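Subject: Structure handover

Hello,

Here is the structure I promised to pass on. Please have it open while you read the notes under it.

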Amino acid sequence: MPEERQIAEAAAWIRNASRAAALTGAGVSAESGVPTFRGAGGLWEGHRIEEVATPEAFDRDPVLVWEFYDARRTGLVRCRPNRAHEALAELERRISDFTLITQNVDDLHRAAGSRKLIELHGNLWRMRCTAGCGEWEDRRAPLPRPLPPACRCGAPARPAIVWFGEWLDPADLAAAEAAAARAEVFLVIGTSGIVEPAASLARTAAAAGARVVEINPEPTPLSAVAALSLRGPAGEIVPRLVGTA
């Protein structure tokens with residue numbers, strides 16, 4: 001765990017900031033018990049994750065893809081926001097210009113009360129019409145059979161997730177980059193720092209003069225741009241930084 005003086009220094013930066021942002025990754029939600037499908041060599045039911053999370057996979061076998069996402073959704077039903085999620089929601093209430101940027105698709109930040117939220121990779125509880133009608137929320141888990149679910153127009157629905165090989169929403173990415181560029185403090189929490197373009201947001205913030213604070217049990221490629229790297233679980237460190245511990 002980090003020393004008290006490091007916690008106190010980072011907490012003071014946050015307390016005195018009028019503009020701040022945070023980037024969160026899977027490490028935040030892992031503490032809520034969110035199942036990961038990245039174990040066992042990146043396999044799910046004998047399939048590589050990339051084989052069930054691409055547009056090509058959906059075109060080839062939409063039932064298989066929906067079985068994968070239905071398993072993820074069903075695994076989330078009993079998961080609840082943890083203290084890191086709650087502390088970030090409190091930070092939003094304290095800092096008028098605060099943006100939370102997440103790579104997670106589990107909706108736990110919103111469940112904790114965060115509203116100034118950019119979900120870079122989408123949301124597991126949302127569906128999108130493949131014929132272009134739009135998106136909607138559907139919290140049924142497990143989904144009724146047969147799969148895939150359909151839009152009201154009759155066209156198959158797909159998860160509203162950014163798949164491998166797809167571009168992020170340009171408006172979401174632009175908003176995230178703008179938040180990073182104007183932040184006085186930029187928190188990087190529970191992310192490996194290797195998934196782009198999300199990882200570049202910390203570099204954008206550092207280049208613009210922000211104090212980057214990394215919270216992660218292990219060093220990452222972003223440790224090099226961090227003014228402080230606090231080693232430990234987000235659920236323990238973030239509440240201490242915000243003063244909700």
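The notes below go from the whole chain to single residues.

Please keep in mind that this is a predicted model.

**The chain as a whole**

The secondary structure of the protein chain consists of 9 helices and 11 strands. Its radius of gyration is 18 Å, close to the 18 Å that the globule rule gives for 245 residues, so the chain is as compact as a globular protein of that length. Along the principal axes, the C-alpha trace spans about 55 × 35 × 30 Å.

Of the 245 residues, 49% count as buried. The protein chain exposes about 11,300 Å², and carbon and sulfur atoms supply 52% of that area. If you take the contacts with a separation of 6 or more, 66% of them are between residues 24 or more positions apart. As for charge, there are 28 positive and 31 negative side chains, and the centres of the two sets lie 4 Å apart.

**Aromatic rings**

A pair of aromatic rings is described by the distance of the centres and the angle of the planes. The count for this model comes to 3 aromatic pairs. One of them joins Phe 68 and Tyr 69: the ring centres are 4.8 Å apart and the planes stand at 75°, so this pair is edge-to-face, the term for planes over 60 degrees apart. Phe 68 and Tyr 69 are both buried.

Tyr 69 also pairs with Trp 163, at 6.4 Å centre to centre and with 40° between the planes, which is a tilted arrangement. This second pair links distant parts of the chain. Tyr 69 belongs to helix α4 (residues 62-76), whereas Trp 163 sits in the loop between β8 (157-161) and α7 (170-182), and the two are 94 residues apart. Trp 163 is buried, as is Tyr 69. Together with Phe 58, the residues Phe 68, Tyr 69 and Trp 163 form one aromatic cluster.

**Helix α9**

Just after α9, Gly 243 takes a positive phi of about 90°.

**Backbone exceptions**

Most residues other than glycine have a negative phi, and most peptide bonds are trans. The places listed here depart from that.

- The peptide bond from Arg 145 to Pro 146 is cis, with omega near 5°. Pro 146 is in the loop between β7 (135-137) and β8.
- A cis bond also runs from Glu 196 to Pro 197, again with omega near 5°. Pro 197 is in the loop between β9 and α8 (200-207).
- Asp 107 is not a glycine, yet its phi is positive, at about 70°. It lies in the loop between β4 (97-102) and α6 (108-112). Asp 107 has a relative accessible area of 8%, which is under 20%, so it counts as buried.

**Two residues to look up**

Leu 108 is in helix α6. Is Leu 108 buried or exposed? Its relative accessibility is 5%, so it counts as buried. Leaving aside neighbours within four places in sequence, Leu 108 is in contact with Ser 29, Ser 32, Val 34, Cys 79, Arg 80, Pro 81 and His 85. Leu 108 and Glu 86 are 22 residues apart in sequence, and their C-alpha atoms are 9.4 Å apart in space.

Glu 166 is in the loop between β8 and α7, the loop that also holds Trp 163. With 25% relative accessibility, Glu 166 counts as partly exposed. Not counting residues up to four places away in sequence, Glu 166 touches Pro 55, Arg 158 and Ile 161.

Regards

Terms used. Residues are numbered from 1 along each chain as its sequence is written. This is a predicted model: local features need pLDDT of at least 70, side-chain atom pairs count only at pLDDT 80 or more; totals for chains, interfaces and linings use all residues. Side-chain values use heavy atoms; hydrogens and water are left out. Helices (H or I, at least four residues) and strands (E, at least two) are DSSP runs, numbered from the N terminus. The radius of gyration is taken over C-alpha atoms; the globule rule is 2.2 Å times the number of residues to the power 0.38. Buried means under 20% relative accessible area, exposed over 50%, partly exposed in between (1.4 Å probe, protein chains only). Contact means heavy atoms within 4.5 Å. Accessible areas come from the Shrake-Rupley method with a 1.4 Å probe; for residues, only the protein chains shown count as cover. Lys and Arg count as positive and Asp and Glu as negative; His and the chain ends are not counted. The place of a charge is taken as NZ of Lys, CZ of Arg, CG of Asp or CD of Glu. Rings of Phe, Tyr and Trp (its six-membered ring) pair if their centres lie within 6.5 Å; planes under 30 degrees apart count as stacked, over 60 as edge-to-face and the rest as tilted.
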